[in-house]
Structures are given as C-alpha cells and as structure tokens.
Amino acid sequence: MQDEIKEVLSRSVCGGWDRGFLESILEQIEKGRTLSEKQIATVTKVLLRNGEEAQAVHDEWQSVYREKHQTE
C-alpha cells in the first residue's frame, strides 16, 4: 500500500483533501501504526479516484484548455 500511495502522490491530479489524507496515512504507515478498516477503505477510494485514468483525463483537460480557451 505504501508504494501505491507514493505513486499517487507523485501525480498532479492528486490534490486538496486527497493529497493531505494520503500524506497523513503514509506518515502513519511509516511510523508503524496499523490503519483502521475505515482508513483502509478510504485509502482505497482515494487511490482509485487519483489513478492513472484520472491522471490521463486531467492531462487531456489541461491540453484542451490551453488549445481552446487560454488567451495569450
């Protein structure tokens, strides 16, 4: 789980509450603490929400925005 969290944290799509939550969970894991069932369930949801597919959509949106909506 630790590696998955680090991978998601490296993505630009992961921000706000999700980023803060994952950073907190990662810190707890690194300190050797055991996560509750609710924490594990929430981590799973956050990891899915910020996965590779979400990053691809995020990157595509940035590209479309720059091409069609951004003024110089």
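Analyst: The chain has 4 helices and 0 strands; helices (H or I, at least four residues) and strands (E, at least two) are DSSP runs numbered from the N terminus. This is a predicted model, in which local features need pLDDT of at least 70, side-chain atom pairs count only at pLDDT 80 or more, and totals for chains, interfaces and linings use all residues. Residues are numbered from 1 along each chain as its sequence is written, and side-chain values use heavy atoms, with hydrogens and water left out.

User: Which pattern does the chain follow along the sequence?

Analyst: The pattern is α-α-α-α.

User: How do I read the radius of gyration of the chain?

Analyst: The radius is taken over C-alpha atoms, and the globule rule is 2.2 Å times the number of residues to the power 0.38. For 72 residues, a compact globule would have a value near 11 Å, whereas the chain has 15 Å. Along the principal axes, the C-alpha atoms fill a box of roughly 50 × 20 × 20 Å.

User: What share of the residues in the chain is buried?

Analyst: Buried means under 20% relative accessible area, exposed over 50%, and partly exposed in between (1.4 Å probe, protein chains only). Here 25% of the 72 residues are buried.

User: Which residues form the aromatic pair?

Analyst: Rings of Phe, Tyr and Trp (its six-membered ring) pair if their centres lie within 6.5 Å; planes under 30 degrees apart count as stacked, over 60 as edge-to-face and the rest as tilted. The structure holds 1 aromatic pair. Trp17 and Phe21 form this stacked pair, with 4.9 Å centre to centre and 10 degrees between the planes. Both lie in helix α2 (residues 16–30), 4 residues apart, about one turn of the helix.

User: Is Trp17 buried or exposed, and is Phe21 buried or exposed?

Analyst: Trp17 counts as exposed because its relative accessibility is 55%. Phe21, at 15%, counts as buried.

User: What does Val46 touch?

Analyst: Not counting residues up to four places away in sequence, Val46 touches Trp17, Asp18, Phe21 and Leu22. Val46 lies in helix α3 (residues 37–49) and counts as buried because its relative accessibility is 1%. Val46 and Ile5 are 41 residues apart in sequence and 9.3 Å apart in space, C-alpha to C-alpha.

User: Where is Thr44 found?

Analyst: Thr44 is found in helix α3. With a relative accessible area of 38%, Thr44 is partly exposed. The C-alpha atoms of Thr44 and Met1 are 9.2 Å apart in space, and the two residues are 43 residues apart in sequence.

Note on methods: Contact = heavy atoms within 4.5 Å.
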